[in-house]
Amino acid sequence: WAANFCTKSSQCALGVNSSSIGGTPTVQARYDHTRIYNVELATPAQVQLFQSLEAASDSCSFMGHARVPGQKLTIMVAGQKVADFDNLLHSYNVSHRILNYNFQDLIDVSYTEVAPKTTPAAEFDWKRFFQLESIYAWLEKQAQEHPEVVTVLDLGESTQGLPMKGVRIAFGAANLTTVFVESGIHAREWIAPATATYFIHQLLHSSDPEVQSLARSHNWLIFPSVNPDGYQYTFDGDRMWRKNRNLFGICRGVDLNRNFPLSWNSTGASGNPCHYDFSGPSAASEVETQRIIKFLEARVESDRIRTYLALHSYSQLIMFPYGHSAERVDNYADLTEIGQKASQRIKEITGRIYKSGSIYETIYPSSGGSKDWAHSQLKIPITFTFELRGPPESEELFILSANEIEPTAREAFAAVQIIIQEAAKRGYYQ
């Protein structure tokens, strides 16, 4: 189990080197015979066992960290280590089940559900996944068709020189507050950019009077992919890539959602550039993080940004700060009630169960997150993170089928409506 050059979250995917020359991948990562296990940690000794395994192994990719007895943990195990891993489970009597026996099968299907890069912007939909340039072409089309309402914004270039584009939607009313939507900070979570574009489409084109009222009662800043290098790389190089694409010796990438300057690298983050949750060499070290910070600091007062929503997957959660600490934010009670009402709305319309609570209490401790920073440093009071479909023990992990795009986005948008309505009732937008 000793770690070697090809660590689990570096340039090497599980089993196959996904190297690049000049930023262009030469090989696509494959996950043939990779299994997905869900294990239940019953004792402190088992927790310590899996902490040691994560630290040492280059063939196990953890979804979260081993922390406490009673915790369930999803682990991706490379094919050549399946026998060893299975033996370990039985040797230490670890309760488990296998969620998937060959992860590459899911990935192969996933790539068949991607629209060609040549797809005209007029054919953009929510029945397929779209690559970065197609999303940006569609944003430009919205601005051309609604020049009085839609403005295309560019935060600036990413690490590898790609634009970080989004839109401002403003129907012209005065003294409105603004909703900021951050999406795609984790590259492999394809459902997040798809949901962000669905939000844009609804705000501009819905015939529902309630949605039209929502669109006009606030201004909107929506960025479908704030990690464009990573997102593009999930199509060209490694479908399971999470971080940005900055180079650190033998490994690439910073987890941008661990890079913000609040309690940076204090919990739930790694100082190892080869780990999937590497927090970076210093707080706000990454150009993408810097672009977001600069944009928000310049606009939080002038645009009256009072709502910050972040779209992620998976686990079906609606969470609020903090992630770095069990400390409760000043408006904890309001955010708790609002989150519960949003979750209830999703259950009513699709039957899906979304759990709500603080990040620290609901999913796992993590530091350097964008939402904690926005709430604490910019004083944005209504701050929520969505973990979209599938369920916590999903057999597909981040590989959501394209037929789930529309229902996932629809339920998330309905929850956003509730969040904003409830926040308004409580006087947050006065």
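1. Helix axes are lines fitted to C-alpha atoms over the stretch in contact, and angles between N-to-C directions run from 0 to 180 degrees. On that basis, the axes of helix α4 (residues 132–145) and helix α5 (residues 191–205) come within 12 Å and cross at roughly 10 degrees. Angles under 35 degrees count as roughly parallel, over 145 as roughly antiparallel, 65 to 115 as roughly perpendicular and the rest as oblique. The two helices α4 and α5 are therefore roughly parallel to each other.

2. The structure is a predicted model, in which local features need pLDDT of at least 70 and side-chain atom pairs count only at pLDDT 80 or more, while totals for chains, interfaces and linings use all residues. Residues are numbered from 1 along each chain as its sequence is written, and side-chain values use heavy atoms, with hydrogens and water left out. Helices (H or I, at least four residues) and strands (E, at least two) are DSSP runs numbered from the N terminus.

3. Contact means heavy atoms within 4.5 Å. On the α4 side, I135, W138, L139, Q142 and E145 meet P193, T197, I200, H201, L204 and H205 of α5. The residues of this contact divide into six nonpolar, four polar and one charged. Here Ala, Val, Leu, Ile, Met, Phe, Trp, Tyr, Cys and Pro count as nonpolar, Asp, Glu, Lys and Arg as charged, and the others, Gly among them, as polar.

4. The expected span of a helix is 1.5 Å times one less than its number of residues. For the 14 residues of α4 this gives 20 Å, and the end C-alpha atoms are 20 Å apart, which agrees. Buried means under 20% relative accessible area, exposed over 50%, and partly exposed in between (1.4 Å probe, protein chains only). The buried residues of α4 are L132, S134, I135, Y136, W138, L139, Q142 and A143. Their cover includes β7 (150–157), β8 (163–169), α5 and α7 (228–236).

5. Rings of Phe, Tyr and Trp (its six-membered ring) pair if their centres lie within 6.5 Å; planes under 30 degrees apart count as stacked, over 60 as edge-to-face and the rest as tilted. The count comes to 24 aromatic pairs. In one of them, W126 and Y198 are edge-to-face, at 6.2 Å centre to centre and with 85 degrees between the planes. W126 lies in the loop between α3 (103–112) and α4, and Y198 in helix α5, so the pair ties together parts that are 72 residues apart in sequence. W126 is buried at a relative accessible area of 9%, and Y198 is buried at 7%.

6. F199 and F413 form a tilted aromatic pair, 5.4 Å centre to centre with 55 degrees between the planes. This pair links distant parts of the chain, with F199 in helix α5 and F413 in helix α12, 214 residues apart. Both F199 and F413 are buried. Ring pairs link F124, W126, F130, W138, Y198, F199 and F413 into a cluster.

7. Helix α9 (residues 332–350) has 19 residues, which should span 27 Å, and its end C-alpha atoms are 27 Å apart, in agreement. Y332, L335, T336, I338, G339, A342, S343 and I346 are buried in α9. What covers these residues includes β14, β15 (355–358), α10 (359–362), α11, β16 and α12. After α9 comes G351, with a positive phi near 85 degrees.

8. Some backbone details deserve a look. A cis peptide bond, with omega about 0 degrees, joins S313 and Y314; Y314 is in the loop between β13 (305–313) and β14 (317–320). Another cis peptide bond joins R389 and G390, with omega about 5 degrees, and G390 is in the loop between β16 (382–388) and α12 (405–425).

9. R304 has a phi of about 50 degrees although it is not a glycine. R304 sits in the loop between α8 (287–299) and β13 and is partly exposed at 22% relative accessibility. K379, also not a glycine, has a positive phi of about 60 degrees. K379 lies in the loop between α11 (370–377) and β16 and is exposed, with a relative accessible area of 63%.

10. T178 belongs to strand β9 (residues 178–183) and is buried, with a relative accessible area of 1%. Leaving aside neighbours within four places in sequence, T178 is in contact with N219, W220, L221, D303, R304, I305, R306 and T307.
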